[in-house]
Amino acid sequence: MAWGLTLLLALMAAGAFILATLAGDYGWGVRVGGAAWVGFLSSIVLSPIVASFVHKRGR
Amino acid sequence: MIECYRMGQQKLSVPIVGMTCAACVARVERALRRVPGVADVTVHLGSSQATLVLEDEVSILEIQQAVKDAGYDVPVATVRLLATRAAGAPESLQEALGFLPGVVRVEAGPKGEILVSYLEQVTSLAAIKRALREGGYQVAQAGEETALEQERRAHQEEIRRQWLNLLMAAILALFVMLGSFRDLWGLERIVPAPLANKWVLFGLTVPLMVGPARQFFVQSFKGMRQGAVDMNLLYATGIGAAFLIAVINTAWPEAGFGGEDLVFYESAAFLTLFIVLGRYLEALTRGRTSEAVRRLLELRPRRARIVREGEEVEIPADEVEVGDICLVRPGEAVPVDGVVVEGFSAVDESLVTGESVPVEKAPGDTVIGGTINRMGAFKMRATHVGSETTLAQIIRLVEEAQARRAPIQRLADWVAGHFILGVHALAIFVFLFWFFWGYGQWFQPQSRLLLGAGEMGQMGAFGFAFLMSVTVLVISCPCAVGLATPAAVMAGSGIAATNGILFRGADAVEMASRLDTVVFDKTGTLTMGRPVLTRTLALAGRGEEEVLWWASLAERRSEHPLAQAVIEAARAQNLDPPEPEMFQALPGLGVEASWQGHSVLLGNRSLMAQRQVDISPLEGEAGQLEEEGHTLLFVAVDGRALGLLAASDAIKPTSHLAIRELKAMGLRVAMLTGDNRRTATAVALRLGIDEVLAEVKPEEKARTIQQLQSQGRRVAMVGDGINDAPALAQADVGIALGSGTDIAKEAGHIILVRDDPLDVVAAVQTAHFTMRKVKQNLLWAFAYNTVAIPVAAGVLYPLTGRLVGPEVAALLMALSSLSVSLNSASMRGWRPPVRRKETEVTARPATAQEVA
């Protein structure tokens with residue numbers, strides 16, 4: 001549950017990055033690479049926060 | 001055969017191996033909290049211990065498995081036994097061992113041996129052997145490895161492993177650097193061209209990733225599975241990202257990540273090299289920091305020579321039982337605590353009590369297990385064995401003390417706990433900032449990396465922002481923040497323990513460093529606690545012998561030190577009065593007794609005033625005796641004063657120096673006593689104490705301390721750990737003096753093994769020194785991160801055109817963490833200044849000024 005939610009939020013962060021790059025002149029390699037980096041770091045930051053949130057809701 | 005047993009302990013200390021930083025502590029705590037039956041867990045990095053509070057029966061195997069799943073281990077002692085089953089003995093060893101708490105597993109070994117693994121904190125080899133013997137087995141020992149030895153072996157293996165990693169990383173990183181920078185510094189003359197090929201560099205970096213860097217990926221994966229993030233994740237992210245981009249730029253240069261001009265192989269290689277270097281140096285220094293505690297553990301004697309049925313038998317020290325007569329020869333260690341029954345010697349107690357001069361021992365004197373017999377042979381009767389010995393208690397107390405956190409550590413722990421997530425969040429922000437805005441604003445193609453060889457050239461927005469982001473991850477050092485307090489507290493409490501000073505916790509160390517007032521209980525603390533009768537005065541018409549006779553009659557059932565003085569004086573005059581028919585001790589006043597219809601009162605002025613006994617005929621001489629510092633006991637029979645007794649308690653030889661040192665440190669020194677004001681003032685004047693809290697009854701001591709605290713003072717109370725327990729508990733720091741062998745029974749935050757007031761000074765000095773180191777460590781750790789992270793994020797780039805590269809960041813991070821460990825390790829060999837002064841004072845004649 002927590003992992004799924006974390007993944008969803010990280011994908012949303014990555015998607016938001018790609019959307020933001022559409023306004024500029026970037027290659028698709030850079031867009032995907034940047035989105036992967038943002039998504040990866042976001043999943044690390046979000047995983048304990050989401051796990052704690054889910055744990056509290058579960059109780 | 002593997003069997004596990006359950007245990008019903010309330011509190012359990014378990015050694016943990018493999019922890020490297022504050023995040024590891026959090027991970028182990030989280031893993032252990034999930035074990036059913038565990039109510040609370042405190043893990044301490046410095047001492048590598050977990051202290052568990054259990055609310056239910058918990059299997060040690062479950063604890064060990066939980067720790068293993070988190071990526072660490074619990075070392076257990078293993079003994080090889082040759083157990084022969086006698087007829088009728090149970091077939092199952094499990095049955096024979098009777099579910100002995102602390103036994104982790106029993107395995108059948110080769111040649112009929114059995115291997116028993118057990119937790120030394122819970123059970124002992126002697127208990128295992130006893131259980132087997134009681135189960136009908138004949139037992140012989142084939143070999144043993146204690147948890148300490150196992151821990152040391154694990155530590156040595158860790159050093160060796162990191163050394164091999166370092167060697168491999170250094171060699172490969174050197175080749176990667178030569179290949180990467182072949183075009184610079186004129187290297188093309190000595191470096192063959194194929195080494196600069198991107199695929200060759202890839203081939204050289206891969207072994208680095210699967211060799212020395214593998215530990216970071218494995219550990220961070222284990223952590224993520226547990227829902228925890230730690231330093232390994234920072235390393236793995238930095239190294240992995242650099243390597244991945246290098247591979248993409250090698251295989252697919254058109255991908256838009258900077259192309260062939262931007263390969264990060266040298267970054268990945270040097271990141272690994274410097275992080276492994278940090279790990280290696282930390283493994284070296286961490287072992288040294290806890291050396292003081294290890295030295296105490298190593299004092300535990302292994303063998304004992306006991307006399308059984310008139311014959312000398314050598315047995316393991318663990319198997320000595322209370323009442324056994326042990327023989328100790330010159331140069332041997334005293335096996336357990338006991339009392340000398342035959343022979344004379346001098347025993348070196350320096351490693352246990354800090355007493356530098358060997359202590360003479362004669363029949364009736366107590367000896368402490370682990371101390372060294374220097375001169376003659378003697379026989380002793382064992383009084384405390386196993387976990388009850390002084391040394392075992394000291395080790396337990398020190399371990400518990402190191403497991404408790406100082407208030408100053410809470411902030412550090414909070415920061416260290418949230419640091420890694422914060423740094424990752426910052427890395428996202430830094431990436432987005434430089435990618436979308438900063439690159440366009442400030443990027444200059446001619447800018448360089450700090451200590452880097454070439455210019456940035458045509459590095460794109462992604463490569464530039466990515467570089468900044470990775471550098472932020474790599475340069476941050478939560479380890480230094482997390483280690484700052486425990487490393488110094490562990491070293492400080494270890495030094496204190498080897499000087500006979502036991503802090504009950506890191507909070508006691510911190511509080512002792514913030515004291516402004518030290519209150520000494522007079523009797524037995526500043527004085528010897530053995531008063532002697534110096535004068536007997538009788539009223540006109542009464543004899544001095546008569547006064548002493550009635551006084552000793554009243555005191556016969558009393559255990560007060562003054563009563564002993566009265567009885568001894570009576571004996572010296574061949575007076576032997578009968579036992580009183582009624583006796584009542586009146587705390588803080590004296591005693592009341594009756595014999596053949598006569599009522600006897602013996603006590604101070606307050607008692608006489610309370611019972612309306614007229615003592616005015618004695619006032620003249622009484623006043624003079626009090627001004628000389630004598631304690632007075634008035635004697636009244638049937639409501640009429642008979643005379644008085646004057647007693648004097650000699651001041652300890654080191655009391656003057658202790659008070660002078662405390663005052664020189666800016667502390668206010670007060671004396672607390674039940675004596676009347678005039679007597680107390682006279683003693684205080686002789687000692688140089690300005691503040692006297694006199695006529696305080698035993699039950700009022702705690703309230704008196706409370707009154708001082710209500711004035712905003714931070715008070716230490718020094719007294720007897722048993723009699724003064726309420727006052728010691730009330731004080732901000734309770735210091736129990738001269739506990740001897742009954743350490744565990746003592747109240748107080750600091751326990752002094754010796755009976756020396758100078759140890760109070762040494763304790764305060766040790767606390768000051770330790771907290772100074774803690775503050776230095778914290779200041780460095782916070783300052784480093786506060787400066788390094790913004791610089792890595794490129795704050796100075798618009799001004800200087802220079803960037804910190806990931807390799808330099810890794811080196812700085814490793815050095816930052818190492819500096820904290822080294823600063824704490826530098827405490828080794830430190831002695832409280834008063835101890836040095838004490839040696840100087842005892843080694844030379846007193847100066848005229850000191851005599852005055």
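Me: What makes the link between the side chains of B:Asp675 and B:Lys522 a polar contact?

Reply: In this predicted model, the two side chains come to 2.4 Å. A polar contact needs a pair of N or O atoms within 3.5 Å, one able to donate a hydrogen and the other to accept it. The value is 2.4 Å, so the pair is counted as a polar contact.

Me: Where does B:Asp675 sit, and what else is B:Asp675 in contact with?

Reply: Look in the loop between E28 and helix H23 (677-687) of chain B. Leaving aside neighbours within four places in sequence, B:Asp675 is in contact with B:Lys522, B:Thr631, B:Ala680, B:Ala694 and B:Glu695.

Me: Why is B:Asp675 called buried?

Reply: Buried means under 20% relative accessible area. B:Asp675 has 12% relative accessibility, so B:Asp675 counts as buried.

Me: E28 came up just now. How do you know that E28 and E29 of chain B pair?

Reply: Two strands pair if there are at least two bridges between them. Strand E28 (residues 668-672) of chain B has three bridges to E29(B), so they pair, and they run parallel. Here B:Met671 stands opposite B:Val692 in E29(B).

Me: Which sheet holds these strands, and what makes E29 an edge strand?

Reply: They belong to an open sheet of seven strands with mixed pairing, in the order E20-E32-E31-E30-E21-E28-E29 (chain B). Strand E20 (501-503) and strand E29 (691-693) of chain B each have a single partner strand, so one side of each has no neighbour in the sheet, and they stand at the edges. From one strand to the next, the twist averages 20°.

Me: What makes E10 and E11 of chain B a pair, and in which sense do they run?

Reply: Six bridges join strand E10 (residues 303-308) of chain B and strand E11 (residues 311-316) of chain B. At least two are needed, so they pair, in the antiparallel sense. B:Ile306 stands opposite B:Val313 in E11(B). The two strands form a hairpin with two residues between them, and B:Glu309 in the turn has a positive phi of about 50°.

Me: On to rings. How many aromatic pairs are there over all chains?

Reply: The search of the whole structure finds 35. One of them joins B:Trp163 and B:Tyr280, at 5.6 Å centre to centre with 40° between the planes.

Me: Are B:Trp163 and B:Tyr280 buried or exposed, or in between?

Reply: B:Tyr280 has a relative accessible area of 15%, under the 20% limit, so B:Tyr280 is buried. B:Trp163 has 41%, between 20% and 50%, so B:Trp163 counts as partly exposed.

Me: What makes the B:Trp549 and B:Trp550 pair edge-to-face?

Reply: Their planes stand 90° apart, over the 60 degrees needed, and the centres are 5.1 Å apart, so the pair is edge-to-face. B:Trp550 is buried at 10%, whereas B:Trp549 counts as partly exposed at 22%.

Me: Which residues do ring pairs link into a cluster?

Reply: The cluster has members from chain A and chain B, including A:Phe17, A:Trp37, B:Phe431 and B:Phe466.

How values were computed: Residues numbered from 1 in each chain as written. Chains lettered and ligands numbered in written order. Predicted model: local features only at pLDDT ≥ 70, side-chain atom pairs only at ≥ 80, totals over all residues. Heavy atoms only, no water. Helix = DSSP H or I, 4+ residues; strand = E, 2+ residues; numbered from the N terminus. Axes fitted to C-alpha atoms, helices over the stretch in contact; angles between N-to-C directions. Buried < 20%, exposed > 50% of the residue type's maximum accessible area, 1.4 Å probe, protein only. Contact = heavy atoms within 4.5 Å. Phe/Tyr/Trp six-rings, centres within 6.5 Å; stacked < 30°, edge-to-face > 60°.
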